[in-house]
Amino acid sequence: MKITVVGRQMNVYEEMKLLIDKKLAKFDKFFAGEGDATVTLSCKHNQKFIELTISASGTLFRSEVGADSFRNALDDAVTNIERQIRKNKTRLAKKLREGAFIPPAPDVFDDTPDEEETILRTKTYSTKPMSPEEAILQMNLLGHQFFVFVDDQTGATSVVYARRDGAYGLIVPEGE
């Protein structure tokens, strides 16, 4: 697995990079060396935060954890990712075996503020045709409240979202 370590407004020492490599090595058995991991470390309000994102075969696993030390935050983030993998193991194994996931293009963020506009951040991503069930799985793995996708049956851009009652909703465009 290829691991990228990023420090936001801080330097990451070699000792921490080695610890991250050691902790993330356990995921090699799930992804057979084809995964990419990005670990972002930051400090806010005397709290240490780690954002761990693993991309494998087009599926994203993400965890963002704050703790009193980077070691504790890393342990919690790794535990969260393991929980996501175990929770969705059969569905993921089926999808990965069928080759249903295509690796997405890297996310592009534009964090430059502009006083004249109200859009604070723009995020672009590649889409691929998928079923609403696959979109719900991807949304849950990312920990988001909604997910935009191209419906493989209709070819229309649709949105799945998590409802407050624990169910899911689907928004489809009218008459294309």
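**Close-up views of a predicted model**

View 1. Four strands make up an open sheet, arranged in the order 1-2-3-4 with mixed pairing. Strand 1 (2-7) and strand 4 stand at the edges of the sheet, and because each has a single partner strand, one side of each is left without a neighbour there. From one strand to the next, the twist averages 15°. The model shown in this and the following views is predicted. Strands of a sheet pair through backbone hydrogen bonds, in either a parallel or an antiparallel sense. Here strand 1 and strand 2 pair in the parallel sense, over six bridges, and Val-6 has Thr-40 of strand 2 as its bridge partner.

**View 2. Helix 3 across the sheet.** Helix 3 lies across strand 2, strand 3 and strand 4, and its direction is at about 145° to that of strand 4. With a relative accessible area of 37%, Lys-26 is partly exposed.

**View 3. The largest nonpolar core.** The largest nonpolar core has 26 residues, and those touching the most other members are Met-16, Leu-24, Phe-27, Leu-41, Ile-50, Leu-52 and Ile-54. Two or more residues come from each of helix 1 (14-24), strand 2 (36-44), strand 3 (47-56), strand 4 (59-67), helix 3 (70-87) and helix 5 (132-142). Of these elements, helix 3 gives the most to the core, with seven residues. Setting aside neighbours within four places in sequence, Ile-54 is in contact with Phe-27, Phe-31, Asp-36, Ala-37, Thr-59, Leu-60, Phe-61 and Ile-81. Another core, of nine residues, lies apart from this one and includes Met-130, Met-139, Leu-142 and Phe-149.

**View 4. Helix 5 and the residue that follows.** Helix 5 is mostly covered, with eight of its eleven residues buried. The buried residues are Glu-134, Ala-135, Ile-136, Leu-137, Gln-138, Met-139, Leu-141 and Leu-142. After the helix comes Gly-143, which has a positive phi, near 75°.

**View 5. The surroundings of Asp-151.** Asp-151 has its place in strand 8 (residues 146-151), and because its relative accessibility is 8%, Asp-151 counts as buried. A polar atom of the Asp-151 side chain lies 2.8 Å from the backbone nitrogen of Gln-153. Beyond its neighbours within four places in sequence, Asp-151 is in contact with Met-130, Pro-132, Ala-156 and Ser-158.

View 6. Side chains of opposite charge can pair when their charged atoms come close. The structure holds six salt bridges, one of which joins Arg-62 to Glu-51, with the closest N and O atoms 3.8 Å apart. Arg-62 is in strand 4 and Glu-51 in strand 3, so that this pair, too, links distant parts of the chain, eleven residues apart. Arg-62 is partly exposed, at a relative accessible area of 26%. Another salt bridge is formed by Asp-165 with Arg-163, the closest N and O atoms being 3.4 Å apart; Asp-165 is exposed, with a relative accessible area of 54%, whereas Arg-163 counts as partly exposed at 41%. Through salt bridges that share partners, Glu-51, Arg-62 and Glu-64 are joined into one network.

How values were computed:
Residues numbered from 1 in each chain as written. Predicted model: local features only at pLDDT ≥ 70, side-chain atom pairs only at ≥ 80, totals over all residues. Heavy atoms only, no water. Core = buried A, V, L, I, M, F, W, Y, C linked by side-chain atoms within 4.5 Å. Buried < 20%, exposed > 50% of the residue type's maximum accessible area, 1.4 Å probe, protein only. Contact = heavy atoms within 4.5 Å. Polar contact = N/O pair within 3.5 Å; in protein donor to acceptor, adjacent residues only side chain to side chain. Salt bridge = Lys/Arg side-chain N within 4 Å of Asp/Glu carboxyl O. Pairing = 2+ DSSP bridges. Axes fitted to C-alpha atoms, helices over the stretch in contact; angles between N-to-C directions.
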